[in-house]
Amino acid sequence: MPVITNRLTRMLNIRHPIISAPMAFAAGGALAAAVSAAGGLGLIGGGYGDSTWLEEQFDLAAGQRVGVGFITWSLRKSPSLLTDVLKRKPVAVMLSFGDPRPFVAEIRNAGALVMCQCQNIDHVWDAIDVGADIVVAQGAEAGGHGALRGALSFVPEAADLLAAHSPGAVLVAAGGIADGRGLAAALMLGAEGALIGTRLWAAAEALVHRRHHEAIVDATGDDTIRTTVVDIARQIPWPRGFTARVRRNAFTQRWHDHEALLEQSVAVEGPRYRQAFAEGDPDNTGVWFGEAAGLIGAIEPAFDVVEKIATDAARRLADHAGIFGAP
Ligand SMILES: Cc1cc2nc3c(=O)[nH]c(=O)nc-3n(C[C@H](O)[C@H](O)[C@H](O)COP(=O)(O)O)c2cc1C
């Protein structure tokens with residue numbers, strides 16, 4: 001089996017250049033451990049912060065080297081979460097959606113690598129400024145929260161910036177990567193690995209309701225939308241500029257473009273949203289996946305997903321090395 005070895009695999013001491021996204025609520029210890037066992041690096045989703053849940057998830061991942069990710073603006077409200085999690089010796093801590101500066105020294109002093117997920121060039125400059133070890137360039141195809149840039153131009157633009165101003169940092173691409181083609185393309189764009197969310201949300205170990213898993217298997221890449229209505233319903237005050245990509249369904253059809261009305265009705269609609277989410281209703285709540293949905297045909301163990309993506313990418317890159325004929 002061919003294996004891709006590069007600066008990312010060496011920096012993280014992993015076999016495959018694949019990192020699982022720290023998906024709030026969905027990426028627990030079992031998923032992270034399975035990704036690490038397969039030769040990638042699994043990240044536990046710190047989400048909006050629940051110290052008991054995080055402790056349980058780190059216990060579930062015991063025996064595997066894993067990392068963790070936080071929503072930076074939310075972490076600012078409860079910074080002790082980071083202090084607690086660093087005691088579990090994560091390999092890396094990813095910060096996304098906010099200024100990383102307040103947290104970088106603590107992460108580094110604890111011996112963990114600093115990862116910054118970026119949605120635009122200003123964010124990449126922030127990552128350069130704090131000396132991030134790993135910079136993740138996230139394209140708008142991504143599931144969950146993100147912003148506007150398409151990965152096809154954002155990833156190489158970020159690669160050029162890092163080459164010029166922070167050559168020691170390693171770039172990773174995120175958004176829409178679900179198979180070997182995506183990983184191979186990310187490497188061609190100047191990244192050295194992929195951060196994968198949606199494809200692993202659709203893994204057996206993800207903390208996702210069975211009916212939501214069924215919905216992704218049926219979906220095409222057209223069936224998602226970037227919106228703020230899921231955050232309005234949950235009353236989670238996301239900063240301007242970030243939206244969430246979720247399944248386009250009855251809930252988004254009803255409220256997208258009617259945000260003010262939803263805000264007025266949130267006392268009723270909020271609990272409705274949360275109940276539908278708990279029940280796995282695919283139509284009346286947020287179903288959190290990205291455009292990569294169109295590349296997913298089955299719910300499989302994370303180990304198999306990681307191995308298939310890595311070996312397929314390596315084979316494709318090796319095959320392409322043979323496309324040049326004699327002049
Ligand atoms: C269900 C879900 C939840 C997510 N939650 C988070 C999160 O809590 N923190 C974060 O940094 N990114 C989060 N993301 C975004 C991922 O970090 C990543 O950028 C994205 O999943 C990559 O694109 P893909 O979904 O096409 O693979 C989430 C993504 C999904 C699908």
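**View 1. Trp-201 in helix 10.** Trp-201 is buried, with a relative accessible area of 5%; buried denotes under 20% relative accessible area, exposed over 50%, and partly exposed in between (1.4 Å probe, protein chains only). This residue lies in helix 10, where helices (H or I, at least four residues) and strands (E, at least two) are DSSP runs numbered from the N terminus. From C-alpha to C-alpha, Trp-201 and His-212 are 9.9 Å apart in space and eleven residues apart in sequence. The model is predicted: local features need pLDDT of at least 70 and side-chain atom pairs count only at pLDDT 80 or more, whereas totals for chains, interfaces and linings use all residues. Residues are numbered from 1 along each chain as its sequence is written, and side-chain values use heavy atoms, with hydrogens and water left out.

**View 2. The shell around the ligand.** There are 22 residues around the ligand, of which Gln-117, Gln-138, Gly-176, Gly-197 and Thr-198 come nearest; a residue is near a molecule or strand if one of its heavy atoms lies within 4 Å of it. Strand 4 (92–96), strand 9 (194–196) and helix 10 (198–201) each contribute at least two residues to this shell. By class, the shell comprises 13 nonpolar, nine polar and no charged residues. In this classification Ala, Val, Leu, Ile, Met, Phe, Trp, Tyr, Cys and Pro are nonpolar, Asp, Glu, Lys and Arg are charged, and the others, Gly among them, are polar.

View 3. An oxygen atom of the ligand is 2.8 Å from a side-chain N or O atom of Gln-117. The side chain of Gln-138 likewise places an N or O atom 2.8 Å from a ligand oxygen atom. At Gly-175, a polar backbone atom is 3.3 Å from an oxygen atom of the ligand. Taken alone the ligand exposes 590 Å², and the protein buries 97% of that (Shrake-Rupley method, 1.4 Å probe).

View 4. Lys-89 is located in the loop between helix 5 (80–86) and strand 4. Its phi is near 55 degrees, a positive value in a residue other than glycine. Lys-89 counts as exposed because its relative accessibility is 58%.

**View 5. Asp-257 in the loop between helix 13 and helix 14**. With 62% relative accessibility, Asp-257 counts as exposed.

Technical notes: Polar contact = N/O pair within 3.5 Å; in protein donor to acceptor, adjacent residues only side chain to side chain.
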